[in-house]
Amino acid sequence: MQAQDPCQAREVLGIVGDKWALLIVRMLKDGPRRFTELKRAIDGISQRMLTVTLRDLERDGLLTRTVRNVMPPHVSYELTTMGQALREATAPLLEWAIMHLPHIDAARATYDNRETTGP
């Protein structure tokens with residue numbers, strides 16, 4: 001097997017760096033969810049961005065999309081084994097972000113105030 005170029009990892013890191021992708025992966029931790037459930041649970045995501053992100057995650061093999069032919073059609077999304085591994089790997093990062101958000105907000109406010117009042 002040929003060694004992979006470490007720079008190619010940037011494509012995978014793009015998933016980790018995508019705020020919507022990680023939030024979707026987090027929302028699917030307890031099992032399958034429908035589109036509308038995800039839309040309601042993820043504050044600020046547009047319908048279009050949710051659709052695009054779900055398609056990207058499916059293309060990358062991180063989730064599966066299941067359509068049940070009922071009226072109206074029932075579409076659900078579920079993490080694959082690889083998606084579950086991503087969730088486990090990124091859970092500490094998401095917890096860190098949640099825990100430190102107040103400190104980051106305070107630092108930003110201090111910085112922004114400094115910028116407006118001069119050096």
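The predicted model contains an open sheet of three strands, arranged in the order β1-β3-β2 with antiparallel pairing, where strands (E, at least two residues) and helices (H or I, at least four) are DSSP runs numbered from the N terminus, and two strands pair if DSSP finds at least two bridges between them. Because β1 (33-34) and β2 (63-68) stand at the edges and each has a single partner strand, one side of each is left without a neighbour in the sheet. The antiparallel pairing of β2 and β3 extends over six bridges, and T64 has E78 of β3 as its bridge partner.

Residues are numbered from 1 along each chain as its sequence is written, and side-chain values use heavy atoms, with hydrogens and water left out. As this is a predicted model, local features need pLDDT of at least 70 and side-chain atom pairs count only at pLDDT 80 or more, whereas totals for chains, interfaces and linings use all residues.

In soluble globular proteins, nonpolar side chains tend to be buried together. A nonpolar core is here a set of buried Ala, Val, Leu, Ile, Met, Phe, Trp, Tyr and Cys residues joined through side-chain atoms within 4.5 Å, with buried meaning under 20% relative accessible area (1.4 Å probe, protein chains only). The largest such core has 20 residues, of which I24, L54, L57 and Y77 touch the most other members. At least two residues of this core come from each of α2 (19-27), α3 (35-41), α4 (47-59) and β3 (74-79), and α2 gives the most, with five. When neighbours within four places in sequence are left aside, L57 is in contact (heavy atoms within 4.5 Å) with I15, A21, I24, V25, L62 and L63.

The largest pocket has a volume of about 340 Å³, and α5 (81-117) gives the most to its lining, with six residues. This lining has eight nonpolar, no polar and three charged residues; among its members are K19, R26 and R108.

The second largest pocket has a volume of about 200 Å³, and its lining includes R34, T51, L54 and Y77. The elements that give two or more residues to this lining are α3, α4 and β3, with α4 giving the most, four residues.

Definitions and conventions. Buried < 20%, exposed > 50% of the residue type's maximum accessible area, 1.4 Å probe, protein only. 1 Å grid on protein atoms, 1.4 Å probe; cavity = no way out; pocket = protein on both sides within 12 Å on 5 of 7 lines; lining within 4 Å. Points joined across faces, edges and corners; volume = space filled by probe spheres on them. Nonpolar A, V, L, I, M, F, W, Y, C, P; charged D, E, K, R; others polar.
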